[in-house]
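Let's read a protein model together, one feature at a time.

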Amino acid sequence: MKQYFFFHNLDTCVGCCACQTACKDHNNLPPGSFFRRVVEVETENGVRFFSASCGHCEKPACLEVCPNQAYEKLPDGTVIHHPGRCIGCGKCVWSCPYGAISLSTEKGVAQKCNGCVSRRTAGLEPACVAACVNGSLQLEKTDGRCPPEEVSDTIPGVLPDPSLTKPRFRVYLGRGGQK
């Protein structure tokens with residue numbers, strides 16, 4: 001089965017935060033809570049913006065450390081969290097190298113991006129992708145081929161070594177042409 005991954009083009013992202021706002025609105029998150037954040041990063045091509053969220057990793061650290069099996073990896077690669085199983089211990093928060101999981105102060109459990117599974121099931125794009133004004137953020141499916149040289153699964157000096165968890169996102173770093 002083909003697996004989903006987020007693709008982010010750093011060359012076309014203007015840092016408008018529409019993806020971040022749409023995610024926050026769709027998930028009805030309170031002030032200060034985010035599943036997706038737009039962050040400013042320094043690349044070899046200058047300052048760019050990166051839309052960061054859960055990497056829906058091939059080897060999710062959150063799933064491995066959870067004592068209550070509150071995480072599940074779906075066949076399409078999406079890593080989801082079951083809040084009813086969560087005891088709020090925070091082990092997943094500490095284990096995620098991307099800082100993509102937080103503890104809800106209102107609910108006392110972990111929370112994270114679920115790739116808008118309910119929207120995808122209804123034939124819609126994730127809220128963040130649908131809101132992206134430049135098409136810089138997309139949800140795609142892998143066919144197992146290696147990405148072109150200008151596409152990476154990390155931003156050197158910004159994101160952790162991808163071999164830790166093998167995140168399922170790809171970033172166009174702007175080294176010669178558009179995707």
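What follows is a short chat about the fold, the surface and the charged pairs of this predicted model.

Q: What share of the residues is buried?
A: Here you count residues under 20% relative accessible area. In this chain they make up 47% of the 179 residues. As for the accessible surface, it comes to about 9,200 Å², and carbon and sulfur atoms hold 51% of that.

Q: And which share of the contacts comes from residues 24 or more positions apart?
A: Take the contacts with a separation of 6 or more: 59% of them come from residues 24 or more positions apart.

Q: On to charges. How many positive and negative side chains are there?
A: There are 20 positive and 17 negative ones, and the centres of the two sets lie 6 Å apart.

Q: How many salt bridges does a search of the whole structure find?
A: For a salt bridge, you look for a side-chain nitrogen of Lys or Arg within 4 Å of a carboxyl oxygen of Asp or Glu. The search turns up 3.

Q: Which residue pairs with Asp11, and what does the pair tie together?
A: Asp11 bridges to Arg48, with the closest N and O atoms 3.3 Å apart. Asp11 sits in the loop between strand 1 and helix 1, while Arg48 is in strand 3, so the pair ties together parts 37 residues apart in sequence. Asp11 is partly exposed at 31% relative accessibility, whereas Arg48 is buried at 18%.

Q: What about Arg168: which residue is its partner?
A: That's Glu58, with the closest N and O atoms 2.8 Å apart. Arg168 lies in the loop between strand 9 and strand 10, Glu58 in the loop between strand 3 and helix 2, and they are 110 residues apart. Arg168 is buried, with a relative accessible area of 5%, but Glu58 is partly exposed at 37%.

Q: And Asp76 with Arg120: are they buried or exposed?
A: Both are buried. Their closest N and O atoms are 2.6 Å apart. Asp76 is in the loop between strand 4 and strand 5 and Arg120 in helix 4, so this bridge joins parts 44 residues apart in sequence.

How values were computed:
Residues are numbered from 1 along each chain as its sequence is written. This is a predicted model: local features need pLDDT of at least 70, side-chain atom pairs count only at pLDDT 80 or more; totals for chains, interfaces and linings use all residues. Side-chain values use heavy atoms; hydrogens and water are left out. Helices (H or I, at least four residues) and strands (E, at least two) are DSSP runs, numbered from the N terminus. Buried means under 20% relative accessible area, exposed over 50%, partly exposed in between (1.4 Å probe, protein chains only). Contact means heavy atoms within 4.5 Å. Accessible areas come from the Shrake-Rupley method with a 1.4 Å probe; for residues, only the protein chains shown count as cover. Lys and Arg count as positive and Asp and Glu as negative; His and the chain ends are not counted. The place of a charge is taken as NZ of Lys, CZ of Arg, CG of Asp or CD of Glu.
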